[in-house]
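Welcome! Have a look at the model, then read on.

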Amino acid sequence: MRTRKRTESGISSSEGGIGRLPASGAVVTVLLTAAMAFSMMQLFLIGALGPRLVDELDISRTELGLTTTVGFGIAALLSPVAGGLVDRVGPRRCLVALFLLVAVSLTLIGAAPGTAVLLSAVGLGGLPQALANPATNKVILAVVPSGRRGGVTGWKQSGVQFGAFAAGFPLSVLAAVVGWREAVWTAAGLAGVAAAWSIGVLPPDRASVAAPHDAERPAVRPRGVVGRLALYSLLLGCGIASVNTYLALFGSQRVGLSPTVAAVLVAVLGIAGIGGRVVWSRAAGRPGRGEVLPAVLAAGAVGAALTLFVAVRVPVLVWVAAVAVGSFAVAANAVSMVLVIRQAAPGRAGRDSALVSAGFFAGFAVGPPLFGVLVSAAGYGPGWLLVAAEFAVAVAVAAPMGLGSARVPERART
């Protein structure tokens, strides 16, 4: 006989059919992936449409670059608040709010007459960024059976890469045909549609309960794990953001690629990131493996950054490095979210997710400026060594989690 229980997020989930997604599981996965894609859509579109914005709005490249700092900086500051909000009011309401805030932010960007409105719109877009991981992780805890959470987490984390692709290709093509403002407003309309869709897909939020929602979850949770993952994510964010920001420029200035071919490097990195996030997140969902993978993936990221360093003299290696950064560094962020979902204490999944996300966003705000200053002073070689050092420290931060997991008897983990 099938029974139903209420989870800590307040969404009902079935105790029957453990190990399988509910009937609408695929739809929920697509919705969560869309939420992650839309949460950063304003930054992706500004990057993709940058030349048009600079020409029409008469803004400088420095002012355009401020959009990234403002967006990630506000997301980092708001993440702890957003996490508590998700825990209090429920993930369904917060996902609807996420899509609506994205729609408003994109509408303002499309109507922006200059820098002030543009930066204000991007600042508003920091809130959906802050809501994204806490709300989507709470939904996964509520409606996805434990055996499938790793795979679903990998797909939804890949939404960031799908969002970048949507901004860089179909919406950019639309901008060339009908105008950049109309393309941005089209994205705003799609975000509004997604808000309505989420209401139809997800069950209503209910009052949270204090009892543990998952029999697998440990009775005593080490609070240091979240802090360690937040620091790990900060270091990952510094390195990943530096590569994302400067890889195409490096390919053009030092490797000898044309601007068009250099841009393909970023696409290769993104595709590798999608595959890496799905594959490694599924592996992290298996007992005993999740805690070991962050250090392993960060070590792979060190190798990727060192490959970029060597590519200064052996240009063809830049393609290998792009694949490696996506497969290891980008994937490591998704594995962090799998661990947050597994380790979250009852009633704290939103706040714990938000703290880890805040670290990642802070890294994205801090990393590229540091890299840019170093490259201007000493060249790309030292810059890639800085990225390798950031990833190496991430290995040191993550390693104790794997060692601690190895000391826990298998019976205690299952």
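## Salt bridges across the chain

Let's start with Arg-181, which counts as buried at 18% relative accessibility; buried means under 20% relative accessible area, exposed means over 50%, and partly exposed lies in between (1.4 Å probe, protein chains only). Its side chain meets that of Glu-56 in a salt bridge, 3.2 Å from N to O. The term salt bridge stands for a side-chain nitrogen of Lys or Arg within 4 Å of a carboxyl oxygen of Asp or Glu, and by this rule the count comes to 5. Arg-181 sits in helix α11 and Glu-56 in helix α3, 125 residues apart, so this pair links distant parts of the chain. Glu-56, at 47% relative accessibility, is partly exposed. Helices here are DSSP runs (H or I, at least four residues), numbered from the N terminus.

Before we go further, a word on the model: it is predicted, so local features need pLDDT of at least 70 and side-chain atom pairs count only at pLDDT 80 or more, while totals for chains, interfaces and linings use all residues. Residues are numbered from 1 along each chain as its sequence is written, and side-chain values use heavy atoms, with hydrogens and water left out.

A second salt bridge joins Asp-87 and Lys-138, whose closest N and O atoms are 2.8 Å apart. Together with Arg-351, they are linked in a network of salt bridges. Another salt bridge is formed by Arg-93 and Asp-205, where the closest N and O atoms are 3.7 Å apart. Arg-93 lies in helix α5 (residues 91-111) and Asp-205 in the loop between α11 and α12 (224-253), so the pair ties together parts 112 residues apart in sequence. Asp-205 is buried, at 10% relative accessibility.

## Helix α3 and the residue after it

Which residues of helix α3 are buried? In this helix (residues 50-57), they are Gly-50, Leu-53 and Leu-57. They cover an arc of only 65° around the axis, so they lie on the same side of α3; the arc is that of the directions from the helix axis to the C-beta atoms. On the other side of α3, Pro-51 and Asp-55 are exposed.

Gly-50 has a relative accessibility of 3%. Its C-alpha atom is separated by 9.4 Å from that of Gly-65, 15 residues apart along the chain. Just after α3 comes Asp-58, with a positive phi of about 55°. Most residues other than glycine have a negative phi. Asp-58 lies in the loop between α3 and α4 and is exposed, at 68% relative accessibility.

## Aromatic pairs

The structure holds 10 aromatic pairs. Rings of Phe, Tyr and Trp (its six-membered ring) pair if their centres lie within 6.5 Å; planes under 30 degrees apart count as stacked, over 60 as edge-to-face and the rest as tilted. Phe-72 and Phe-364 make a tilted pair, with 4.8 Å from centre to centre and 40° between the planes. Phe-72 is in helix α4 (residues 61-89) and Phe-364 in helix α16 (residues 349-378), 292 residues apart, and the pair links distant parts of the chain. Phe-72 is buried at 5% relative accessible area, and Phe-364 is buried at 11%.

Phe-364 also pairs with Phe-360: the ring centres are 5.0 Å apart and the planes are at 55°, so this pair is tilted. Being 4 residues apart in helix α16, Phe-360 and Phe-364 are separated by about one helical turn. Elsewhere, Tyr-246, Phe-250, Phe-371, Tyr-380 and Trp-384 form one aromatic cluster.

## A buried serine

Where is Ser-198? Its place is in helix α11 (residues 180-201), and Ser-198 is buried, with a relative accessible area of 0%. A polar atom of the Ser-198 side chain lies 2.7 Å from the backbone oxygen of Ala-195.

Definitions and conventions:
Helix = DSSP H or I, 4+ residues; strand = E, 2+ residues; numbered from the N terminus. Polar contact = N/O pair within 3.5 Å; in protein donor to acceptor, adjacent residues only side chain to side chain.
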